[in-house]
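Please look over the structure shown below. The briefing that follows covers salt bridges, the sheet and an aromatic pair.

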Amino acid sequence: MNEIIRVNGAREEFLPADGRHYTLEEMYKATGCDMVQIVATKDGRLMVLDEEGKLKGRPVNQVATGLYLHGDLDPIVGDVLVCEERNIE
């Protein structure tokens, strides 16, 4: 499932407007950022997050950190988009 995971733990489905691939604008909107970073999740999906989130002092996203492949070493901050690899071109 493609979803936005908010810092407060809320999850909401978020699909690409064209039904196939997210545009950069859609990724910026989902994460509330100007520069995205893409990392792997433990379940084989991709997580799109704010590249500068830690520098901006964004709060830790506990749910996203738990999904992140290296979450035990590096916490995820801010709202994130989690999606299938095929949805990112």
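Glu-3 has a relative accessibility of 3%, so this residue counts as buried. The model is predicted.

**Salt bridges**

- Side chains of opposite charge can pair when their charged atoms come close.
- The structure contains 8 salt bridges.
- Between Glu-3 and Arg-45, the N to O distance is 3.6 Å.
- Arg-45 has a relative accessible area of 8%, and because buried means under 20%, Arg-45 is buried.
- Glu-3 also forms a salt bridge with Arg-11, where the closest N and O atoms are 3.0 Å apart.
- Arg-11 has 45% relative accessibility and so counts as partly exposed.
- Another salt bridge joins the side chains of Asp-79 and Arg-6, at 3.0 Å from N to O.
- This pair links distant parts of the chain, 73 residues apart: Asp-79 is in the loop between helix H2 (62-67) and strand E5 (80-83), and Arg-6 is in the loop between E1 and strand E2 (11-13).
- Arg-6 is partly exposed, with a relative accessible area of 23%.
- Glu-3, Arg-11, Asp-43 and Arg-45 belong to one network, joined by salt bridges that share partners.

**The sheet**

- Strands of a sheet pair through backbone hydrogen bonds, either parallel or antiparallel.
- Here 5 strands make an open sheet with antiparallel pairing, in the order E2-E1-E5-E4-E3.
- E2 and E3 stand at the edges and have a single partner strand each, so one side of each lacks a neighbour in the sheet.
- From one strand to the next, the twist averages 25°.
- E1 and E5 run antiparallel and are joined by 3 bridges.
- Ile-5 stands opposite Val-80, a residue of E5.

**The aromatic pair**

- A pair of aromatic rings is described by the distance of the centres and the angle of the planes.
- The count for this structure is 1 aromatic pair.
- The ring centres of Phe-14 and Tyr-22 are 5.7 Å apart and the planes are at 5°; because planes under 30 degrees apart count as stacked, the pair is stacked.
- Phe-14 and Tyr-22 are both buried.

Definitions and conventions:
Residues are numbered from 1 along each chain as its sequence is written. This is a predicted model: local features need pLDDT of at least 70, side-chain atom pairs count only at pLDDT 80 or more; totals for chains, interfaces and linings use all residues. Side-chain values use heavy atoms; hydrogens and water are left out. Rings of Phe, Tyr and Trp (its six-membered ring) pair if their centres lie within 6.5 Å; planes under 30 degrees apart count as stacked, over 60 as edge-to-face and the rest as tilted. Buried means under 20% relative accessible area, exposed over 50%, partly exposed in between (1.4 Å probe, protein chains only). A salt bridge is a side-chain nitrogen of Lys or Arg within 4 Å of a carboxyl oxygen of Asp or Glu. Helices (H or I, at least four residues) and strands (E, at least two) are DSSP runs, numbered from the N terminus. Two strands pair if DSSP finds at least two bridges between them. Axes are lines fitted to C-alpha atoms, for helices over the stretch in contact, and angles run from 0 to 180 degrees between N-to-C directions.
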